[in-house]
Amino acid sequence: MNARSTVIAIDGPAAAGKGTLARRIANHLGYAYLDTGLIYRAVGLKTLERGADPADAEAATSAALALAPEDLKRPDLRGDEAANAASKVAAIPSVRAALLDFQRQFAASPPNGAPGAVLDGRDVGTVVCPDADRKLFVNASLEVRAARRVKELRERGVEAIHTRVLKDMKERDTRDSERDAAPLAPAENALLIDTSTLNPDEVFNLALRLVSAGRSSD
Ligand code: CDP
């Protein structure tokens, strides 16, 4: 039997820097990486494409059950339409339930025989992998996160208006934090990192120190 996979859970709100951090930690340790937000984005877009409202539980659940690997490779997954649809389908318990096994399977048996997995999202440390070996909760102020998202969108050639991005992000934060199903919240034993005044290298070095220092549950 294979040795148990080491799991690192990284949660936090939009544009807090968890994706960049998760990818770097995974590369550094030779672990597999799963951006769980992409799954919700793919379900959101699939629901819209079927002409349905992402808040419609039946339509969104049917889209979640029909999700195929190629849906996670769509180039438009990173856009704001996908983000907003994602946070609507993500509030539906049957959608979350339909996506749980895939995420847990990825963590327990990472692809290509990797010895561990890094998963980032909103509920990895609380619901998907409550027994993760390390849990980080990455946050930053709303202003900083909105400014980062604007920069990211503009770098991708997408027109972005700061006030609009800030408003969308605030709405999404509220929806993600106040929903009943797996709301965005730090796990009890998560290590907190505020990235508001840190650059990506500083965040990575701090996270690596925290991850190597001991199990989050110690
Ligand atoms: O990249 P960004 O942080 O803006 O968003 P994302 O991580 O791709 O997630 C998009 C949306 O999916 C979030 O606003 C959540 O509503 C939902 N999501 C979730 O509910 N649970 C997860 N584990 C990951 C994402």
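Helix H4 passes helix H8 in a left-handed crossing, meaning that the near helix is turned anticlockwise from the far one by less than a right angle. The structure is a predicted model, in which local features need pLDDT of at least 70, side-chain atom pairs count only at pLDDT 80 or more, and totals for chains, interfaces and linings use all residues. Residues are numbered from 1 along each chain as its sequence is written, and side-chain values use heavy atoms, with hydrogens and water left out.

H4 and H8 (residues 162–178) pack at an angle of about 20°, and their axes lie 9 Å apart. Axes are lines fitted to C-alpha atoms, for helices over the stretch in contact, and angles run from 0 to 180 degrees between N-to-C directions. The two helices therefore count as roughly parallel (angles under 35 degrees). From H4, Asp 80, Ala 83, Asn 84, Ser 87 and Lys 88 meet Asp 168, Arg 172, Arg 175 and Asp 176 of H8. Contact here means heavy atoms within 4.5 Å. One residue of this contact is nonpolar, two are polar and six are charged. Asp, Glu, Lys and Arg count as charged; Ala, Val, Leu, Ile, Met, Phe, Trp, Tyr, Cys and Pro as nonpolar; the others, Gly among them, as polar.

The largest nonpolar core holds 26 residues. Such a core is a set of buried Ala, Val, Leu, Ile, Met, Phe, Trp, Tyr and Cys residues joined through side-chain atoms within 4.5 Å. Val 43, Val 95, Leu 99, Leu 119 and Cys 129 touch the most other members. Elements that give two or more residues to this core include strand S1 (6–11), helix H2 (36–49) and helix H5 (93–108). H5 supplies the largest share, five residues. Helices (H or I, at least four residues) and strands (E, at least two) are DSSP runs, numbered from the N terminus. A second, separate core has 17 residues, among them Ile 10, Leu 136, Ile 193 and Ala 207.

Not counting residues up to four places away in sequence, Val 95 touches Tyr 40, Val 43, Ala 60, Thr 61, Ala 64 and Val 89.

Ala 26 lies in helix H1 (residues 18–29). Its relative accessible area is 2%, so Ala 26 is buried (under 20%; exposed is over 50%, partly exposed in between, with a 1.4 Å probe and protein chains only). Beyond residues up to four places away in sequence, Ala 26 touches Tyr 31, Ala 32, Tyr 33 and Val 118.

Leu 198 lies in the loop between strand S5 (191–194) and helix H9 (200–213). At 25% relative accessibility, Leu 198 is partly exposed.

Terms used
Parallel < 35°, antiparallel > 145°, perpendicular 65-115°, else oblique.
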